[in-house]
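Let's take a walk through a protein together.

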Amino acid sequence: MGSDDIGGPPTRPTRRTFLSASAATAATAATVALPGLAAPAAADAGPAGPGRAAHPQRPDRELRELLRQVDPRRIEAIVRRLAAFGTRHTLSDQDDPERGIGAARDWIHARLQEYAATSGGRMTVELQSYVQQPASRIPTATRITNVVATLRGGTSPNRTYVVTGHYDSRVTDVMDAVSDAPGADDDASGVAVVLELARLMASRPTAATIVFAAVAAEEQGLYGSAYLAAQLKAAGVDVQGMFSDDIMGSSTADDGARDPYTVRLFAEGVPTAETPAEATTRQSVGGENDSPSRQLARFVRDVADNDATGMRVRVIYRRDRYLRGSDHISFLREGWPAARFTEPNEDFAHQHQDVRVQDGKQFGDLPEFCDFGYIARVARVNGAALWSLAQAPGTPKGAIIVTTDLTNNTTLRWQRGDEPDLAGYEVVWRETTAAEWQRVIGVGDVTEVSIDLSKDNVFFGIRAVNRAGLRSPAAFPRPGA
């Protein structure tokens, strides 16, 4: 099922849609002015204070053209081909040319090599392998292989952004490496996004580096992504953002309700890799909602929730869903900003299930339950985020909020970036109860600024801007001198 158009048959009402409508009605009623009371300010007016109102970063012509070329038919072909390998279980056959994880690995590798051939030498492709010794869900020594395409940036090659989908699959028994496990939604859909973006970006120069990776052994315990993250860490790569695309192939929930224009983005608050000293600082000044991953999520909404993607990005303030996890956790453990894209409402009859018909109901993760137009729109969200990150300056480093004196103003300091097209910096701020940045102050090409606004009352961030007007994610300043 699935199409890329906005039309289609009406969705039958469900309890979920009723509750959503009730909440919207209640919110509307709450804004009605009562007799004798002033009408509330517009929702987007923001607080009074220095700077201008914050607005989303609109996609430019180059980005719109890239997103326009995302092809739902190619995405469908990828999902169907991966499902046709029968099973892609991590413990399945690695040498059979038709069935098993080895056949899928080689097919993905061949596609990425085709894309790399259009890059003028900027994209390289590798089979990144290691032998995992017996461990949880790995009963015998097993070769695990990631398929990795690296599109090297032209001016900031060490600054890197990563996008992954996992190409392994499973059925009900996580140790069953023999039964058919088509894994269309989980996670051929994510691999299709990775491949389609690699195809489109290979021929387009970027300032920073983008890594497109189909990782293995996610279902057995995130082994492939953990190895990829460790290799990047050991090489001293500056990973400033990572996205896992996992289970984002369907717009239909278990009760039949459709939401084809929303994607969830899970982003943690308290960092997974936070040290005890960092925890003490956070507890004293706040910042539970200002982790690097939350700043990354704010950036995604800023650049990818618009008419060029046709999607609403619903940020979820959690690392992941209850009892579940994905490959972004491997990058969070290394201390990097990372978040997970997934569909708005899941149908668990089509995840981690043996393929069967039971009581007249089809179970199993089959391509027929995917919405390929929806996957294409999620690809556009990923593309808007990755392209905007890779073409903008990097997130400012060394951001400090000076706390040595008791004053009612705020002094901020940071390190200047080395991008050749860097134009300057902006200070963003918001009320401590607000989820998004509300005000923006342009401060120019400086590394220190004092603002007539109390640091005790609001939260601040610093972001870089280049000559094209592209902005980085914000850096949340830590207390210092």
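**Starting from one residue**

Leaving aside residues up to four places away in sequence, Val300 touches Phe243, Leu265, Asp305, Val313, Phe341, Val381 and Ala385, where contact means heavy atoms within 4.5 Å. This is a predicted model, in which local features need pLDDT of at least 70 and side-chain atom pairs count only at pLDDT 80 or more, while totals for chains, interfaces and linings use all residues. Residues are numbered from 1 along each chain as its sequence is written, and side-chain values use heavy atoms, with hydrogens and water left out.

Val300 and Phe243 are among the residues with the most contacts inside the largest nonpolar core, which has 76 residues. Such a core is a set of buried Ala, Val, Leu, Ile, Met, Phe, Trp, Tyr and Cys residues joined through side-chain atoms within 4.5 Å; buried means under 20% relative accessible area, with a 1.4 Å probe and protein chains only. Helix H11 (residues 372–391) gives this core its largest share, 13 residues. Helices here are DSSP runs of H or I with at least four residues, numbered from the N terminus. In soluble globular proteins, nonpolar side chains tend to be buried together.

Now step back to helix H9, which runs over residues 292–304. How many of its 13 residues are buried? The count is 11, so H9 is mostly covered. Val300 is one of these buried residues, and Arg294, Arg298 and Asp302 are also among them.

Terms used. Buried means under 20% relative accessible area, exposed over 50%, partly exposed in between (1.4 Å probe, protein chains only). Helices (H or I, at least four residues) and strands (E, at least two) are DSSP runs, numbered from the N terminus. The expected span of a helix is 1.5 Å times one less than its number of residues.
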